[in-house]
Each structure stands twice: as C-alpha cells, then as structure tokens.
Amino acid sequence: MKNKISCLLFILLPVFAFSAVLKVGKNGQYKTIRQAIAAAKNGDTIFVQKGHYREGTIDIEKSLTLIGIDRPVIDGNLDGEIITFKADRITLKGFKLINSGRDEIKSVAAVHIYTSADSVIDNNIFENNHFGIYVQRGLRCLISNNKITSNRGTSEESIGDGIHLLGSREIWVKNNYISGHKDGIYLEKNAKCFVYRNLSRHNLRYGLHFMFSNDSVYTGNVFDNNEAGVAVMYAMNVSMYHNKFINNWGDSVFGLLLKEISFSKIKGNTFTNNTTAIFADGATKIDFYNNQFENNGWAIKINSNCMENKVIRNNFINNTFDVSTNGSTVMNDFRFNYWDKYEGYDLNKDKIGDVPFHPLSLYSVLVEQNPSVMLLFRSFMVDMLDRTEKIIPSLTPESFVDDQPLMKPIHFKNNL
C-alpha cells in the first residue's frame, strides 16, 4: 500500500510542483483576464476577483481553471462571443456572463466549446445572451448548476438555445435552470449524453429538443410551460425516466413529441396539464411504463404508423381523451393500465377488470377527423355516441383494447 501511495505522489508531484495560481483584479498581479491567460501555463488556476470585465472575446487555448470570486461579471458588450474553449481540461466556475453578440450563421454564444474534452462549466449565471452555452465536438464535458436566462428573444428566429450540443459525446447536463431561449436544451448528432435534473421553462420553442442523438438518457427534469413542449426526433435507444412535462398548452403543443424514434423507454414520467401529453408519429418499439397522465386534453395521440409499442401500467386520470389515433389498424400492446373512465367490474377480486376496456372513444375518432366536432363536447349527443359504441363497436378499431384494465390507480414510487 505504501509503495502504491509513493508511486501516486511521484506521478502527481510534477503537476502540483509546477502549476501556479494567478490572480486578476484591482489588487491582483494581473488587471485583465486575457493578461492572466497569456501568462498562464497548462494546469494553472486563475482567480478572478469581483469586478466588471469587458475584454472582447476571451480565447482559452490552454488547460486552465478559471474561478470567479464574488461573482465577477464578464460583459460581451453585445459583440461576438464572450469565452471560447479551444483546449482540453478547461474549467469555468463562479462567473456572470452577459450580453453576447448575435450571429445566427456563426452561432454566437456566451461560452462556446470548440473540440474540447474533459472540460467543466459550473455554477455560472448567463444573462441576455444569444446562445448561452454551445458545445461543438465536445467529449466528456460537464455543464452543471448554471442559471441561463434571456429576455432578448421576441421570436424563435431572434435568439439561440440555452444549452446547445452538436456532434458531441458523453456530455453531462445537470442541475441547470434555463428560461427565455429558443430551445432550453438542444441536442443534435450526439451520442451517450446524460441530461439530469434540469428545470427548463418559458422557452420560445422546446424545453428539450433531441435530433439524431442516440444512446442518451434524460431523467429527473422538469419541462414547464414551454411554447411547444419537448421533442425527441430521429433517434434510437433514448431513455426518458422520471421527468415532469407540465403546463404545455396551445395549438399543436405537446408535452412530448416522438417523431421517428425506436427502441426507447418512457418510464416513471408525469404528464399534467398539456394539450397533448404524448404525440407519437413513426414511433416503434417504445416501452411506456409507469407514467402518470392527468388533466391533459389528449393523454396519448398515437398515429397508425406506430408499431410494436407497449403501454403498460400507466395511470390515465381526468384526461379529456385518453387515446386518439388517425387510422384503423393498431399494432400496439395496451395492458394493466388504470383508466378512470373504465366502468367494468371485478368479480374475482384480483384487482383486474373482468371486461376489456376500449380507450379509443367514437367521439375522439370523430374529433380527429373533424376538429370542429369539439364544439359538441360534453353534450348529450356525444354521450349517446360513446355509449352506443361501447355496446355495438363499429367505427373504433377492435384491437385498440386493454384486456386487463386495473381497477385502482397505481401508486408509483419516485426513485430519484
């Protein structure tokens, strides 16, 4: 054991022996951050004292740690990017970054990571920037505990995303607050990323937007009152666990949009107060397990091009429509769900209904074909249509059925 410790100290000794601490501020050895970076060597730490720094774009091309003392402000003065990472193992912590420039073609950001590995952006405040954090070709980077807000976006075209990941792998995005951007968090052409316990709300488009990003996980996040909810598109093997999709209202607004995705899992999530909780188009081999659908317009809209999906052990409570579809062929499996509209019985007391439940009502089929029929909602005519369809099924697909509906709602345990 002593030999192992001696070997470790021998390996680390050069790092500690030759790394330096540089100080920036009125009483520091350097007056600007740029001066300190120019003087620093790989492995050095730069402490930046409280103050207001306007230095144009600060390029970091060495492995450095920058730590803000008492939240120093770095002001981009609405011109260009504020900080760029162009080396591995860079840490930025404890700053307030404001007023980046704006350029849609160059994707100007407050902090832009270019081809960096093992870098960290932690505990910073971002205000009034075009993009907050932009990661391009990153590897094993951590983005955590940041507050990213902007009030400069009047439309989707006028502002970038809070956190934008492009062509990266193994990026961890955790414990961030994002508001006022185009998309709160955007992933495109990434792999093996982990999005954990973020709060994304009041963004102009999606709270979270996945595109072509496989083998990724998002869990424990809250997506609240975003203009278009959350979208996961053109991806495989995406795991969505224990998230909350809440208060996403409006025409063509979804708690969660699934477009051309496959081999994925949606488990333990809460969908509350959404126009449509889940809209699935071209979704294949998705497991919907242990989710709570409550107080939504539509709980699940599942198009006829969705196949081999499993909808098992979910609660459907107080939704206007539990299920809707645009076709007559159903190749999905509904089992062991609780439906508050179920009126069957349980003679053998096994807590499973003895009569199958057809969650697709005739009225929901008519609304899907002609939205203006919603004007008849809660009318006597609609009640008569649905009760007649239950007695003599004719227009709703016979295969759209839960053969084993539960008699009581499931009480889920939150594993986070």
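**Entry 1. Terms and overall picture**

I began with a definition: a strand is a DSSP run of type E with at least two residues, and strands are numbered from the N terminus. I noted that the model is a predicted one. I then looked up the make-up of the protein and found 4 helices and 38 strands. I read that the protein has 416 residues, of which 51% count as buried. I also looked up the surface: the protein exposes about 19600 Å², and carbon and sulfur atoms supply 53% of that area. Turning to contacts between residues at least 6 apart in sequence, I found that 48% of them join residues at least 24 apart.

**Entry 2. Ser144**

I located Ser144 in strand 14, which covers residues 142-144. Is Ser144 buried or exposed? Ser144 counts as buried because its relative accessibility is 3%, and the cut-off for buried is under 20%. I then listed what Ser144 touches, leaving aside its neighbours within four places in sequence: Ile121, Asp122, Asn123, Lys174 and Asn176. With one of these, Asp122, the side chain of Ser144 makes a polar contact of 2.7 Å, side chain to side chain.

**Entry 3. Strand 22 and its two partners**

I next examined strand 22, residues 208-211, and asked which of its residues lie on each side. Leu208 and Phe210 are on one side, His209 and Met211 are on the other, and all four are buried, so both faces of the strand are covered. I looked up the pairing of this strand. Strand 19, residues 185-188, pairs with strand 22 in the parallel sense over 4 bridges. Strand 25, residues 229-236, also pairs with strand 22 in the parallel sense, over 4 bridges. I followed Leu208 in both directions: Leu208 is the bridge partner of Ile185, and in strand 25 the bridge partner of Leu208 is Val230.

**Entry 4. Asp59 and its surroundings**

I found Asp59 in strand 4, residues 58-60. Asp59 counts as partly exposed because its relative accessibility is 35%. Leaving aside neighbours within four places in sequence, I recorded contacts of Asp59 with Ile37, Thr84 and Lys86. Ile37 is 22 residues from Asp59 in sequence, and the two C-alpha atoms are 8.7 Å apart in space. The side chain of Thr84 makes a polar contact of 2.5 Å with the side chain of Asp59. The side chain of Lys86 meets that of Asp59 in a salt bridge of 3.9 Å, N to O. Lys86 lies in the loop between strand 7 (83-85) and strand 8 (91-93), whereas Asp59 is in strand 4, so this pair ties together parts that are 27 residues apart in sequence. Lys86 is partly exposed, with a relative accessible area of 39%.

**Entry 5. Further salt bridges**

How many salt bridges does the structure hold? I read a count of 13, and I looked up some others.

Asp118 forms a salt bridge with Arg140, with the closest N and O atoms 2.9 Å apart. This pair links distant parts of the chain, 22 residues apart: Asp118 is in the loop between strand 10 (109-114) and strand 11 (120-122), and Arg140 is in the loop between strand 13 (131-136) and strand 14. Asp118 counts as partly exposed at 30% relative accessibility. Arg140 is partly exposed as well, with a relative accessible area of 40%.

Lys265 forms a salt bridge with Asp287, with the closest N and O atoms 3.0 Å apart. This pair also links distant parts of the chain, 22 residues apart: Lys265 is in strand 28, residues 254-267, and Asp287 is in strand 31, residues 284-289. Lys265 counts as partly exposed at 38% relative accessibility, whereas Asp287 is buried, with a relative accessible area of 18%.

Finally, I noted that Asp322, Asp340 and Lys341 are linked in a network of salt bridges.

**Entry 6. A nonpolar patch**

Which residues make the nonpolar surface patch of about 310 Å²? I found Tyr345, Leu347 and Val355. Leu347 lies in the loop between strand 38 (338-339) and helix 3 (362-369). Leu347 counts as exposed because its relative accessibility is 69%, and the cut-off for exposed is over 50%.

Key. Residues numbered from 1 in each chain as written. Predicted model: local features only at pLDDT ≥ 70, side-chain atom pairs only at ≥ 80, totals over all residues. Heavy atoms only, no water. Buried < 20%, exposed > 50% of the residue type's maximum accessible area, 1.4 Å probe, protein only. Pairing = 2+ DSSP bridges. Patch = residues over 30% accessible without salt bridge, like charges linked within 9 Å, V, L, I, M, F, W, Y side chains within 5 Å. Areas by Shrake-Rupley, 256 points an atom, 1.4 Å probe, with all protein chains shown as cover. Salt bridge = Lys/Arg side-chain N within 4 Å of Asp/Glu carboxyl O. Polar contact = N/O pair within 3.5 Å; in protein donor to acceptor, adjacent residues only side chain to side chain. Contact = heavy atoms within 4.5 Å.
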